[in-house]
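Please consult the sequence and the structure shown below while reading.

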Amino acid sequence: MSAVYRTKSPNFAFEGVRHFSFLAFSLIFALTPGLLRAEENPAQVYFYHALKSKQEGRILTAERLLKKAIDLEPQNPDFHFELGNLYIERNNPVSARIELEQAVMISPNHLAAHYNLGLVYREFGFMGEARDEFQKVLELDPANVKAQLQIGYTYQEEGFFDDARLTFERAREMDFTDPEPIRALEDLAGFERQARERSANAM
């Protein structure tokens with residue numbers, strides 16, 4: 001799947017969620033033998049089958065199983081994280097925000113939950129809150145180019161073009177092999193030009 005998050009794209013949050021959900025999915029399948037012993041941990045078994053249902057496209061079944069897992073282990077951040085991802089894919093950002101906020105409250109170092117919560121905040125237009133979440137990702141993973149870019153996109157959407165440029169340039173320095181910072185800088189020039197034209201037409 002694409003790991004590119006383009007500003008102004010209506011699906012940018014969905015792309016980010018799929019990216020991190022896949023990481024969680026890989027971890028779960030690595031633990032499959034233990035998860036299948038329902039008598040030992042039924043909550044994890046519900047969780048495993050929820051992820052499997054989600055992969056197979058049975059979204060409502062996945063949601064029901066995730067809720068059962070949460071009923072049994074309400075303090076498990078991964079359960080809330082995956083339910084939040086599911087809600088985003090179902091175009092329910094309000095419920096997604098609740099679940100992702102719960103995940104980071106339970107586990108303050110849950111990098112993926114911070115990232116996806118930042119995407120949800122950005123979708124709502126809460127740019128300051130979104131930047132805070134992406135900054136937390138960078139505190140946990142200083143080399144995370146995607147989080148750095150997302151901070152730049154929030155500045156760009158607010159019209160803080162100088163801050164956006166500095167942020168995108170920092171992202172480029174973090175990984176010169178990643179083409180997205182270069183595209184972000186090119187797109188930013190177009191946004192600035194449009195802003196100047198709108199300002200001139202308004203005079």
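## Basis of the model

The model is predicted, so that local features are given only at a pLDDT of at least 70 and side-chain atom pairs only at pLDDT 80 or more, while totals for chains, interfaces and linings use all residues. Residues are numbered from 1 along each chain as its sequence is written, and side-chain values rest on heavy atoms, with hydrogens and water left out.

## The chain as a whole

The chain contains 11 helices and zero strands. Helices (H or I, at least four residues) and strands (E, at least two) are DSSP runs, numbered from the N terminus. The order of elements from that terminus is α-α-α-α-α-α-α-α-α-α-α.

Of the 203 residues, 46% count as buried; here buried means under 20% relative accessible area, exposed over 50%, and partly exposed in between, with a 1.4 Å probe and protein chains only. The accessible surface comes to about 10,300 Å², and carbon and sulfur atoms account for 53% of that area. Areas were computed by the Shrake-Rupley method with a 1.4 Å probe, and for residues only the protein chains shown count as cover. Among contacts (heavy atoms within 4.5 Å) between residues at least 6 apart in sequence, 52% join residues at least 24 apart.

## Helix 4 and Glu63

Helix 4 covers residues 59–72. At 1.5 Å a residue, its 14 residues should span 20 Å, and the end C-alpha atoms are 20 Å apart, which agrees. The expected span is 1.5 Å times one less than the number of residues. The buried residues of helix 4 are Ala62, Glu63, Leu65, Leu66, Ala69 and Ile70, and they pack against helix 3 (42–55), helix 5 (77–89) and helix 6 (93–106).

Glu63 has a relative accessible area of 10% and therefore counts as buried. Leaving aside residues up to four places away in sequence, Glu63 touches Leu83, Leu86, Tyr87 and Arg90. The side chain of Glu63 also meets that of Lys67 in a salt bridge, at 3.1 Å from N to O. These two residues of helix 4 are four residues apart, about one turn of the helix. An α-helix has 3.6 residues a turn, so residues three or four places apart point the same way. Lys67 is partly exposed, with a relative accessible area of 38%.

Helix 7 (residues 111–124) reaches 20 Å from its first C-alpha to its last, close to the 20 Å expected for its 14 residues. It is mostly covered, as 11 of its 14 residues are buried; among them are Ala112, His114, Asn116, Leu119 and Arg122. Just after helix 7, Gly125 takes a positive phi of about 90°.

Five aromatic pairs are found in the whole structure. Rings of Phe, Tyr and Trp (its six-membered ring) pair if their centres lie within 6.5 Å; planes under 30 degrees apart count as stacked, over 60 as edge-to-face and the rest as tilted. One of the pairs, Tyr115 with Phe134, is edge-to-face, with 5.5 Å between centres and 65° between planes. Tyr115 lies in helix 7 and Phe134 in helix 8 (residues 127–140), so this pair ties together parts that are 19 residues apart in sequence. Both residues are buried.

Tyr121 and Phe126 form a tilted pair, 6.4 Å centre to centre with 50° between the planes. Tyr121 is buried at 8% relative accessibility, whereas Phe126 is partly exposed at 30%. Tyr121, Phe124 and Phe126 form one aromatic cluster. The charged end of Arg97 sits over the ring of Phe124, 5.9 Å from its centre; the rule requires NZ of Lys or CZ of Arg within 6 Å of the ring centre and within 35 degrees of the ring normal.

## Salt bridges

The count of salt bridges comes to 13, each being a side-chain nitrogen of Lys or Arg within 4 Å of a carboxyl oxygen of Asp or Glu. Glu89 forms one with Lys54, the closest N and O atoms being 3.6 Å apart. This pair links distant parts of the chain, with Glu89 in helix 5 and Lys54 in helix 3, 35 residues apart. Glu89 is partly exposed at 31% relative accessible area, while Lys54 counts as buried at 12%.

Lys52 and Glu56 meet in a salt bridge of 2.7 Å, N to O. Lys52 is partly exposed at 30%, and Glu56 is partly exposed at 42%.
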